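Reader: I am new to this structure and would like to learn how to read it. Please show me the entry first.

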Amino acid sequence: MTKIQLTFPENFWWGSAWSAEQAEGRGETGKAETIWDRWYQEEPNRFYQGISSAVTTDHIHRFKEDIQLMQDTGHNSFRVSISWARMFPDGGTGKVNPKAIAFYRELFTEMNRKKIKIFANLYHFDMPAALQDQGGWESREVVAAYVHFADTCFKEFGALVYHWFTFNEPLGPILGTYLEGFHYPNLLDFKRGAQAAFFTILAHAKAIAAFKKHHLPSKIGVILNLSPTFPRSQHPADLEAAEIADQFYTRSFLDPMVNGHFPKKLVALLTEYQQLPDYTEEDLDIIQTNTAQILGLNYYEPRRVKARLTAINEKNPFCPEWFFENYIMPGRKMNEYRGWEIYEKGIYDLCLDIKNNYGNIEAFISENGMGVADEERFMDETGQVIDTYRIEFIKDHLAYVWKAIQEGANIKGYHLWTFIDCWSWINAYKNRYGLISLDLATQKRTIKKSGEFYKQLSDQNGFEYEKDLR
Ligand code: BG6
């Protein structure tokens with residue numbers, strides 16, 4: 001095996017990401033109740049070890065120390081999200097909160113001072129509970145409130161932010177809220193989910209329309225979780241199952257948000273099963289004319305599917321699984337803690353899909369990472385987590401990103417999930433993803449071995465790789 005030096009393009013964005021609800025903590029600025037606060041009040045048992053998002057990584061009080069740690073671990077860029085509930089503490093609407101503006105201004109000014117480019121995301125699963133009560137993403141009024149929030153952020157922080165994002169993983173709240181029970185209020189109704197998905201896409205387009213009026217030098221886009229879909233075999237039944245799964249989970253948001261139109265096959269299928277949301281011609285026009293200018297790719301695992309073996313129970317409400325089953329490939333490599341397959345080459349397939357089918361839009365890996373439980377097991381006598389598995393994970397994925405770039409993919413950076421171990425929704429602090437470990441009792445932060453590796457990686461703009469890339 002030969003060693004090769006993998007060097008990335010100049011000014012490559014090295015960094016990581018997290019979100020407001022997962023890292024900031026409540027603080028004293030005033031903040032509306034979010035769906036996560038509400039759910040915790042109602043069902044604390046749903047959260048791993050009963051930990052809420054009240055304190056999390058306490059970034060709101062420790063951001064100066066944290067920005068220094070960004071520098072120490074080689075960050076030249078970092079993705080935050082701006083909390084809608086903090087900016088509009090009267091339930092997500094009404095008067096803007098001067099204390100929230102002051103907090104984000106201070107945070108962003110300090111990041112700029114330390115030469116860390118700010119990637120600001122406007123929505124990361126954190127709906128104000130009062131707006132969820134009005135229907136959440138099923139409501140046009142909520143879309144209007146979101147656009148007002150977005151517009152306020154462009155006005156207040158436009159001069160400080162490097163790039164903007166309308167949503168992180170918009171598919172997540174649809175699956176979580178309407179199909180799979182991991183987001184409050186846990187409904188089961190595909191058609192209502194389709195309506196919420198449609199209005200999310202409309203909200204993205206309307207926020208982009210508002211952004212254009214500010215004439216900022218930054219770009220605006222969206223961050224999507226995209227798992228390339230692989231059929232069990234080349235049998236036509238498996239190919240069809242894979243195509244339908246791909247339409248539901250990949251093309252549903254990617255096509256309208258980046259290309260401006262909905263995938264025809266998905267529309268035909270939803271029409272046939274009477275699951276299409278309500279919309280107007282004007283909505284379609286807005287979506288078509290306001291598409292993403294930059295695209296974030298979150299990649300964790302591939303999607304493997306096969307043709308259904310069993311008949312559908314039609315008493316179970318309509319859902320994507322009526323058309324396929326998930327396929328457990330023998331010999332697959334697993335991250336058992338999270339239950340996700342590790343398939344490094346999938347990141348390459350994803351980058352090439354974007355190159356070939358989405359106009360090679362400017363893109364970057366906006367999340368990729370490995371959540372591991374009980375990482376104290378890997379601490380040395382000084383208290384540092386020796387996470388060689390994470391270093392290998394990063395290198396093996398980056399090697400395929402590098403290969404995609406050699407083949408012309410327009411990939412501008414790599415952001416790991418995550419920076420300091422943060423709160424992970426219903427999994428709370430079960431799986432740790434960070435370059436820096438967090439002692440929950442003391443809030444002490446300690447750079448892991450992977451954090452040291454990341455600094456070197458960023459300083460050298462690459463690394464030496466020893467495995468074959470097939
Ligand atoms: C991404 C989300 O899907 O995965 C993050 O954008 C999340 O918010 C991360 O924390 C890890 O997933 P999980 O479910 O282990 O927290």
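Reader: Which residues of H3 are buried?

Author: The model is a predicted one. In an α-helix there are 3.6 residues a turn, so residues three or four places apart point the same way. In H3, the buried residues are His59, Ile60, Phe63, Asp66, Ile67, Leu69 and Met70.

Reader: What do the buried residues of H3 pack against?

Author: Their partners are both helices and strands. The helices are H1 (20-23), H4 (84-87) and H5 (98-113). The strands are S3 (77-81), S17 (436-438) and S18 (445-447).

Reader: How far apart are the end C-alpha atoms of H3?

Author: One can compare the span of a helix with that of a straight one. Helix H3 covers residues 59-72, which is 14 residues, and a straight helix would reach 20 Å at 1.5 Å a residue. The end C-alpha atoms of H3 are only 17 Å apart.

Reader: Where does H3 bend?

Author: The bend is at Glu65, and its angle is about 45°. After H3 comes Gly74, which has a positive phi, near 80°.

Reader: How many residues does the largest nonpolar core have?

Author: In soluble globular proteins, nonpolar side chains tend to be buried together. Here the largest nonpolar core has 143 residues, and Trp84, Phe108, Trp137, Tyr146 and Trp164 have the most contacts inside it. The helix that gives the most to this core is H9 (residues 190-212), with 14 residues.

Reader: Which residues does Trp84 touch?

Author: Leaving aside residues up to four places away in sequence, Trp84 touches Gly92, Tyr123, Asp126, Met127, Pro128, Leu131, Trp137, Val142, Ala145, Tyr146 and Phe149.

Reader: Is Thr200 buried or exposed?

Author: The cut-off for buried is under 20% relative accessible area. Thr200 has 2% relative accessibility, so this residue counts as buried. Thr200 is in helix H9. With residues up to four places away in sequence not counted, Thr200 touches Trp137, Phe167, Pro170, Ile174, Phe253 and Met257.

Reader: Which residues come nearest to the ligand?

Author: There are 14 residues around the ligand, and His124, Glu169, Arg338, Ser424 and Tyr433 come nearest. For polar side chains, one can look at the distance to an oxygen atom of the ligand. A polar side-chain atom of Ser424 is 2.5 Å from such an atom. For Arg338 the distance from a polar side-chain atom to a ligand oxygen is 2.7 Å, and for Glu367 the corresponding distance is 2.9 Å.

Reader: Where is the cis peptide bond that involves Pro185?

Author: Omega is the angle to read for a peptide bond. The bond from Tyr184 to Pro185 is cis, with omega near 5°, and Pro185 is in the loop between helix H8 (171-178) and H9. Trp417 and Thr418 are also joined by a cis peptide bond, with omega about 10°. Thr418 is in the loop between strand S15 (411-416) and strand S16 (431-432).

Reader: What is the phi of Gln49?

Author: Gln49 is not a glycine, and its phi is positive, near 55°. Gln49 lies in the loop between helix H2 (35-42) and H3, and is exposed, with a relative accessible area of 63%.

Reader: Is Asn461 buried or exposed?

Author: Asn461 is buried, with a relative accessible area of 18%. Its phi is positive too, about 55°, although Asn461 is not a glycine. Asn461 sits in the loop between helix H15 (449-460) and strand S19 (462-465).

Notes: Residues are numbered from 1 along each chain as its sequence is written. This is a predicted model: local features need pLDDT of at least 70, side-chain atom pairs count only at pLDDT 80 or more; totals for chains, interfaces and linings use all residues. Side-chain values use heavy atoms; hydrogens and water are left out. A nonpolar core is a set of buried Ala, Val, Leu, Ile, Met, Phe, Trp, Tyr and Cys residues joined through side-chain atoms within 4.5 Å. Buried means under 20% relative accessible area, exposed over 50%, partly exposed in between (1.4 Å probe, protein chains only). Helices (H or I, at least four residues) and strands (E, at least two) are DSSP runs, numbered from the N terminus. Contact means heavy atoms within 4.5 Å. The expected span of a helix is 1.5 Å times one less than its number of residues. The bend at a residue is the angle between axes fitted to the seven residues ending there and the seven starting there. A residue is near a molecule or strand if one of its heavy atoms lies within 4 Å of it. A polar contact is a pair of N or O atoms within 3.5 Å; within protein, one must be able to donate a hydrogen and the other to accept it, and residues adjacent in sequence count only if both atoms are side-chain atoms.
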